[in-house]
Amino acid sequence: MNATASLSALPCPEDSAWTSSAVAWTLTMMWRRTSSDMLTDFFSPRSCCVCGKRITEDSLICMECLLSIPFSRDSLRPEDNDTARMLWGKLHAEKAVAAVHYLPQSKMARLLYLIKYGKRPDVAHLLGRIVAEQLMLHGFFDDIDIVIPLPLHFKREKQRGYNQSLFIAKGVCEVTRLPIAAATVFRVRDTSTQTRLSASERLKNMEGAFRLVCPEMIEGKHVLLIDDIFTTGASVTACGNELLTAPDTKVSVLTVGKSDGK
């Protein structure tokens, strides 16, 4: 059976365009296997980073876990959805999408834990690719000029070993071919943890946390600001408003996950 026939045999709900994209991407990777890949699998079997099940496809996530990712409907109305409305009156964003619903103890929670605390930048890169493939179906990137990952303070990045948002952005840009301008804005204040803060306290906590150092890099451009998870939007609000100090600049927001904000 060829790849096209296999894809058509799989269930793709009519209201879930992301499913066909995710399946097509996974199947494409499966058919790109070489004899060395198969030999590696024999001596060192691969396992899904979510459920631990053995996999043979050239991916980090098995098909079952991939198809269970609960994508949101934000991309259907990127200018007016639950995520975008949470930014109204705080950040003048052209559009905002949190691609996936985040639920504690879910498979998505496991993925987000891995990219943030599990030292798995490869998973962050993969999630960026998956999200980009899904959003490409809706033309989300058509008017975007440049991508900026939300920066970490240098102390936090040194402790973690990498900035997960940068690797998400790299995955997105690998699919979209958009440029990244990671050194345009820096996090100049190491803010305290926001876990136990209210929405208003989070906004206050983020005041003055970011500094735009190369405004000429984004002047006159539509910037896509990328982060891992959207809770109250305090971080993207603070960073986005700093980016908007560059002349004639527009900002949109994309995050992989979205929690309930509580």
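1. A residue counts as buried when its relative accessible area is under 20%. Over 50% it is exposed, and in between it is partly exposed. The model discussed here is predicted. Keep those cut-offs in mind for helix α6, whose buried residues are M108, A109, L111, L112, L114 and I115.

2. Look at the spacing in that list. An α-helix has 3.6 residues a turn, so residues three or four places apart point the same way. In α6, M108, L111, L112 and I115 are among the buried residues.

3. Now the whole protein. Its secondary structure comes to 11 helices and eight strands. Of its 262 residues, 48% count as buried. The protein exposes about 13,000 Å². Carbon and sulfur atoms supply 54% of that area. Take the contacts between residues at least 6 apart in sequence: 72% of them join residues at least 24 apart.

4. The largest cavity holds about 40 Å³ of space. Which residues line it? They are V50, C65, S68, I69, P70, K107, M108 and L111. Helix α6 (residues 107–117) gives the most to this lining, with three residues. By class, six lining residues are nonpolar, one is polar and one is charged. Note that M108 and L111 are found in this lining and also among the buried residues of α6.

5. D228 sits in strand β7. Is D228 buried or exposed? Its relative accessibility is 3%, so D228 counts as buried, the cut-off being under 20%. Leaving out residues up to four places away in sequence, D228 touches L112, I115, K116, Q164, S165, I168, T255, V256 and G257. Two of these names, L112 and I115, are buried residues of α6. D228 and P149 are 79 residues apart in sequence, yet their C-alpha atoms are 9.2 Å apart in space.

6. T249 lies in the loop between α11 (234–243) and β8 (250–258). Beyond its neighbours within four places in sequence, T249 is in contact with I218, E219, G220, K221, V223, L243 and L244.

7. A199 is found in helix α10 (residues 199–205). Its relative accessibility is 37%, so A199 counts as partly exposed. A199 and T232 are 33 residues apart in sequence and 5.8 Å apart in space, C-alpha to C-alpha.

8. Last, check the backbone angles. Most residues other than glycine have a negative phi. Q105 is not a glycine, but its phi is positive, about 70°. Q105 lies in the loop between β3 and α6. With a relative accessible area of 79%, Q105 is exposed. Just after α6, K119 takes a positive phi of about 55°. R177 is another residue other than glycine with a positive phi, near 65°. R177 lies in the loop between α9 and β5 (185–187). At 69% relative accessibility, R177 counts as exposed.

Terms used: Residues numbered from 1 in each chain as written. Predicted model: local features only at pLDDT ≥ 70, side-chain atom pairs only at ≥ 80, totals over all residues. Heavy atoms only, no water. 1 Å grid on protein atoms, 1.4 Å probe; cavity = no way out; pocket = protein on both sides within 12 Å on 5 of 7 lines; lining within 4 Å. Points joined across faces, edges and corners; volume = space filled by probe spheres on them. Helix = DSSP H or I, 4+ residues; strand = E, 2+ residues; numbered from the N terminus. Nonpolar A, V, L, I, M, F, W, Y, C, P; charged D, E, K, R; others polar. Contact = heavy atoms within 4.5 Å. Buried < 20%, exposed > 50% of the residue type's maximum accessible area, 1.4 Å probe, protein only. Areas by Shrake-Rupley, 256 points an atom, 1.4 Å probe, with all protein chains shown as cover.
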